[in-house]
Amino acid sequence: MKKLLLSLAATTALTAPAFAEMLELEKDELTFGFIKLTDMAPLAVAYEQGFFDDEGLFVTLEAQANWKVLLDGVIDGTLDGAHMLAGQPLAATIGFGTEAHIITPFSMDLNGNGITVSNEIWEQMKPNIPTMEDGRPQHPISASALAPVVEKYKSEGKPFNMGMVFPVSTHNYELRYWLAAGGLHPGYYSTDNITGQIGADVLLSVTPPPQMPATLEAGTIYGYCVGEPWNQQAVFKGIGVPVITDYELWKNNPEKVFGITAEFAEEYPNTTKAVVKALIRAAQWLDENDNANREEAVEILSRPDYVGADYEVIAASMTGTFEYEKGDKREVPDFNVFFRYNATYPYYSDAIWYLTQMRRWGQIAEAKSDEWYDEVAKSVYRPDIYLEAARLLVDEGLANEADFPWDSDGYKAPTPAADIIDGIPYDGKAPNAYLESLPIGLKGAQIVEGSEVKG
């Protein structure tokens with residue numbers, strides 16, 4: 001009864017009926033996978049607030065060991081869908097790694113990641129970082145402050161190791177972007193060498209998100225890029241310092257997506273729309289009334305079945321603040337965005353940014369035309385499904401007409417230079433011109449052969 005009352009209360013602001021109008025579902029028992037990160041919140045909220053129930057969906061949520069296991073589960077049908085890295089559906093569809101046609105009808109969030117370094121590295125970086133009048137570090141912090149530290153390690157014959165969560169993760173690309181913007185080379189991939197460490201100043205390797213703090217504490221890596229709560233966990237444990245959030249790196253950047261196979265969407269179109277409806281309602285709930293529900297969301301996420309980190313650790317970033325060093329807590333109201341700024345709409349331009357980063361670092365081995373980028377984006381990102389679900393919610397009084405970009409061509413307006421740490425604007429309609437504008441990375445017809453860039 002309590003859950004029912006909460007569900008009803010969440011919809012009254014929209015003067016909505018108590019329950020959604022049910023579609024004729026082709027499949028009503030579903031299992032969705034997730035990784036223990038705060039940005040899986042739309043799935044947990046849709047379950048706990050009864051939004052899946054309202055659609056006639058009987059959903060089981062299952063934590064997965066890592067991103068590879070999660071992707072394989074969606075491909076083999078063990079999972080009907082999952083909280084995914086945005087790069088996973090794209091990489092699978094173009095055949096980088098496991099090949100399968102995965103689509104996304106729903107983008108799960110904006111922002112939410114950070115880059116953390118060990119206390120030892122932080123102390124070595126601090127002399128290179130400008131300070132404010134009160135003595136605290138000036139943010140955002142450029143990787144140029146890390147460059148002398150990396151050079152020192154290199155001169156001593158020590159490899160400088162950092163962690164990211166998966167080769168096609170936002171975290172890999174964000175860490176690479178930050179390093180390159182500060183003049184450090186994060187390394188290339190090639191068809192013969194998929195370590196991503198060819199020509200690298202900083203050696204990046206995969207560590208599952210929940211293991212990041214322990215790996216840092218053990219000294220295996222000197223820093224990492226990961227989603228919450230694992231940056232804040234380093235602060236609470238006193239083992240590391242987040243140096244930059246992805247909000248500072250690229251304001252309101254896309255993060256996770258909800259992924260399903262193209263076959264699932266074709267075989268179960270009404271079920272797919274019903275799932276998207278429930279997820280949209282969950283995203284609305286997470287952001288409504290200036291994040292008024294975030295404390296309840298944190299309580300949900302802190303449960304062992306979901307993220308399982310301490311309430312205080314999750315709340316440190318989910319409730320509009322972010323703590324860098326212990327005691328240096330700053331207001332970052334948009335650190336986690338789930339619905340504002342059309343966060344849930346699967347924009348083609350978001351897909352294309354990920355594809356440009358795959359090409360930039362050699363995961364896409366050869367040059368592609370602008371038309372190719374557009375075609376791949378449209379085969380994976382499905383705003384048509386999203387808007388059909390949104391229209392049903394509006395018609396039922398469960399969402400507001402003004403909250404959705406009905407007339408969008410699927411492309412965001414170009415991201416201005418001021419919103420990106422290196423001051424280089426991004427236009428999804430001109431991917432090759434964008435690649436040319438980046439000082440470090442593959443351009444034009446360049447390819448990686450052996451340890452060299454040719455062309």
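User: Is threonine 38 buried or exposed?

Analyst: Bearing in mind that this is a predicted model, threonine 38 counts as buried, at 1% relative accessibility. Threonine 38 sits in the loop between β1 (29-34) and α2.

User: And which residues does threonine 38 touch, leaving out those up to four places away in sequence?

Analyst: Threonine 38 touches Glu228, Pro229, Leu301, Val307, Ile314, Met318, Asn336 and Phe338.

User: Switching to charges, how many salt bridges does a search of the whole structure find?

Analyst: The search finds 29 salt bridges. One of them pairs glutamate 48 with arginine 303, where the closest N and O atoms are 3.2 Å apart. Because glutamate 48 belongs to helix α2 (residues 41-48) and arginine 303 to the loop between α14 (294-301) and α15 (311-318), this pair ties together parts that are 255 residues apart in sequence.

User: What about burial for those two, glutamate 48 and arginine 303?

Analyst: Glutamate 48 is buried, with a relative accessible area of 15%, whereas arginine 303 is partly exposed, at 27%.

User: Which side chain does glutamate 396 meet in a salt bridge?

Analyst: Glutamate 396 meets lysine 277, at 2.8 Å from N to O. That pair also links distant parts of the chain, 119 residues apart, with glutamate 396 in the loop between α18 (383-395) and α19 (431-437) and lysine 277 in helix α13 (residues 269-291). Both glutamate 396 and lysine 277 are buried.

User: OK, domains now. Where are the bounds of domain 1 and domain 2?

Analyst: Domain 1 is made up of 29-110, 254-346 and 382-412, while domain 2 covers 113-250. Their C-alpha centres lie 26 Å apart, and 32 residues of domain 1 are in contact with 31 residues of domain 2.

User: What area is buried between domain 1 and domain 2?

Analyst: It comes to about 2,900 Å², with carbon and sulfur atoms giving 67% of that area. On the domain 1 side, Val313, Tyr324 and Arg330 supply 21% of the area buried against domain 2, more than any other three residues.

User: How many salt bridges and polar contacts are there between domain 1 and domain 2?

Analyst: The count is 2 salt bridges, and 10 residue pairs are in polar contact across the interface, both residues being at pLDDT 80 or more. As for the elements on the side of domain 1 that touches domain 2, α4 (67-76), α5 (87-94), α15, β12 (321-323) and β13 (329-331) each give two or more residues, and the largest share, 5 residues, comes from α15. The residues of that side divide into 16 nonpolar, 4 polar and 12 charged.

How values were computed:
Residues numbered from 1 in each chain as written. Predicted model: local features only at pLDDT ≥ 70, side-chain atom pairs only at ≥ 80, totals over all residues. Heavy atoms only, no water. Salt bridge = Lys/Arg side-chain N within 4 Å of Asp/Glu carboxyl O. Helix = DSSP H or I, 4+ residues; strand = E, 2+ residues; numbered from the N terminus. Buried < 20%, exposed > 50% of the residue type's maximum accessible area, 1.4 Å probe, protein only. Contact = heavy atoms within 4.5 Å. Domains from an automatic or database assignment. Buried area = accessible area lost by both parts, 1.4 Å probe. Polar contact = N/O pair within 3.5 Å; in protein donor to acceptor, adjacent residues only side chain to side chain. Nonpolar A, V, L, I, M, F, W, Y, C, P; charged D, E, K, R; others polar.
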